[in-house]
Amino acid sequence: MLISTGLSQLNEESKKYYLYRALTCHNYFPDQKSTIGELPPLLSTRQFTPEVCEALAALGESDTRESSGYDVVIYNATRYNNAFRELSLIHPKAYSLLAKHLHDNWDKIEPFTVSETSIIKPELHDDGRIMVMNYEDPIEKTTRALTESFGKRFHVTADISNCFNSVYSHAIAWGLVGIDFAKNNRKKGEWFNLVDSFQRKCKRNETQGIPIGSATSNISLEIILGKVDKELRHAGYNVHRYVDDYSCYCETNEKAHEFLLLLGRELAKYKFSLNIKKTKIIEQPAPDQDSWIIELLGHLPSRLNKSHNDEPKLTASEAITFINYAIIVNRQTPDGSVLKYAIQLVVNFLNEQAPETVYKSVLNLSWHYPILIPYLDALINNSSMDRENVDSHLNALIIENCKHRRSDGICWPLHIMKKIGIKPTENTIAAIVKSKDCVGLTILNSMISDKSLIINFANEIIKSRDNYLIDNYWLLLYQLFRDGAVSNAYCNIRVFDILLAFDVNFIPGETITASEKESVRTEARFYFGAADDIN
């Protein structure tokens, strides 16, 4: 269970260092889900400590980079409808400038990230993160909905169209100091303008859109939407927001429409617009859960809703029947993550004989819905199935997903293969290289002895001298550079040299670097005044 508390409960120095470790070691790469993460867990930034960040931020930039910024590594995360969501692994130099600036100015920035309207905001979590997309406890959510809906006849739900890709970077400064003040004070060195400029530098210095995945982007969004929240509450609306999803109960239909008009007007001030397809006014009484969730829970074996640990686990037959029912519901509700939710409900409650059969069901569904592949990991762990069959299944999944450039459909099977000691076939290796997927190639590089295809691919990118193209593969190029397999892709720019000097590995295994040890000691000193030896 994740424990979260406000950052304000720590003293200022401890709070800022906790934030720094969160931004660097825990919330740098996309990793905000409360259960299964966006990236396979073998990828980690835990060795990218605040000390590494400081060294990179202090590194000088060429005039070209100063004006052009950096590009990102794209990770195509497949959604429930198999559409991509482009997550970003931000260039370490650009990210360091932004993370350091947020840390250095957190006393000024934090008050703009604590909107009482927002359910997901920067908070302490016991795993070191500050941003976790944690679904509310169902009872807490229901209690809040019942309390807020009393005496109200209409429920308004709305979200922002293409939210992160619509962020206008200058609006970050507007959120921090006000629109008029920011427009009249455009000096580059102002702390609020630097938040804007460092955020832009993460994505080609563009003013439209910010990378999806890092906590820094969520902080920028909270700064802007916190101003919208304030106006909504000032107008008397008891509204809640889950990232960019709004929920508000109103006494009358007229009041509900007035709320939407106000919300649209306030969002427009910051260059946002409402997603019309997802904007609804629902007459009450109505359930506080989607109908497909109610359907699924109604067909879940009742004993799973009991609290006794000695309740019998699910048999294979019960689990398959439930999953089959979920397939039917999924056809009726194509806009909901039905299958993912259903499998998540049962995967940890199977008896000893069930995982192998359930694995076959989830495997077949994973061919059509790559978002389900991570659940194969737990099912394999809990079964004694023939590894040769697993070998052929995972290789086939990778080859299929390479055709569609689905990063998660490539990377999660590779993660599972590496974990249980399966090697990719020659056809699989060729398919990954052909896909040109940076994260897939990076994981593959850590698994095979003959790296010639990957090295040849990398050298062609290095020879291009195209800064943005090199940025698109910075993770792969650094890991190869770290292995001594290729030269420094940035020539005399020392970003990779600094990472190597601190022994940073983004597929770290169990190795603990000196920088990691020192960072943990520093955090312990802030918390407890002293630190025990860390081996």
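**Helix packing, sheet and overall form**

Visitor: Which residues of H24 do the residues of H22 meet?
Guide: This is a predicted model. On the H22 side, the contact is made by Ile454, Ile455, Phe457, Ala458, Ile461 and Ile462. By class, the contact of H22 with H24 has nine nonpolar residues, with no polar and no charged ones.

Visitor: At what angle do H22 and H24 pack, and is their crossing left-handed or right-handed?
Guide: Two packed helices are described by the angle between their axes and the distance between the axes. Here H22 covers residues 452-464 and H24 covers residues 474-483, and their axes lie 11 Å apart. The angle is about 115°, and the crossing is left-handed.

Visitor: Which strands stand at the edges of the open sheet of four strands?
Guide: The order in this sheet is E6-E7-E5-E8, with antiparallel pairing. An edge strand here has a single partner strand, so one side of it is left without a neighbour in the sheet. That applies to E6 (239-242) and E8 (280-283).

Visitor: By how much are neighbouring strands of this sheet turned against each other on average?
Guide: The pairing in the sheet is antiparallel, but the average turn is taken with direction ignored. On that basis, the value is 20°.

Visitor: Which residue in E8 is the bridge partner of Phe154?
Guide: Strand E5 spans residues 154-159 and runs antiparallel to E8. Four bridges join the two strands. For Phe154, the bridge partner in E8 is Glu283.

Visitor: Which strands does helix H12 touch?
Guide: Helix H11 (residues 215-234) packs on the sheet and touches E6 and E7, its direction making about 165° with that of E6. Helix H12 (residues 253-269) also packs on the sheet, with its direction at about 20° to that of E5. The strands touched by H12 are E5, E6, E7 and E8.

Visitor: What radius of gyration does the protein have?
Guide: The protein contains 26 helices and eight strands, and its C-alpha atoms fill a box of roughly 65 × 65 × 50 Å along the principal axes. With 535 residues, a compact globule would have a radius of gyration near 24 Å. The protein agrees with this, having 24 Å.

Visitor: What percentage of the residues in the protein is buried?
Guide: A residue is buried if its relative accessible area is under 20%. Out of the 535 residues, the buried share is 53%.

Note on methods. Residues numbered from 1 in each chain as written. Predicted model: local features only at pLDDT ≥ 70, side-chain atom pairs only at ≥ 80, totals over all residues. Heavy atoms only, no water. Axes fitted to C-alpha atoms, helices over the stretch in contact; angles between N-to-C directions. Left-handed = near helix turned anticlockwise from the far one by under 90°. Contact = heavy atoms within 4.5 Å. Nonpolar A, V, L, I, M, F, W, Y, C, P; charged D, E, K, R; others polar. Pairing = 2+ DSSP bridges. Rg over C-alpha atoms; globule rule 2.2 N^0.38 Å. Buried < 20%, exposed > 50% of the residue type's maximum accessible area, 1.4 Å probe, protein only.
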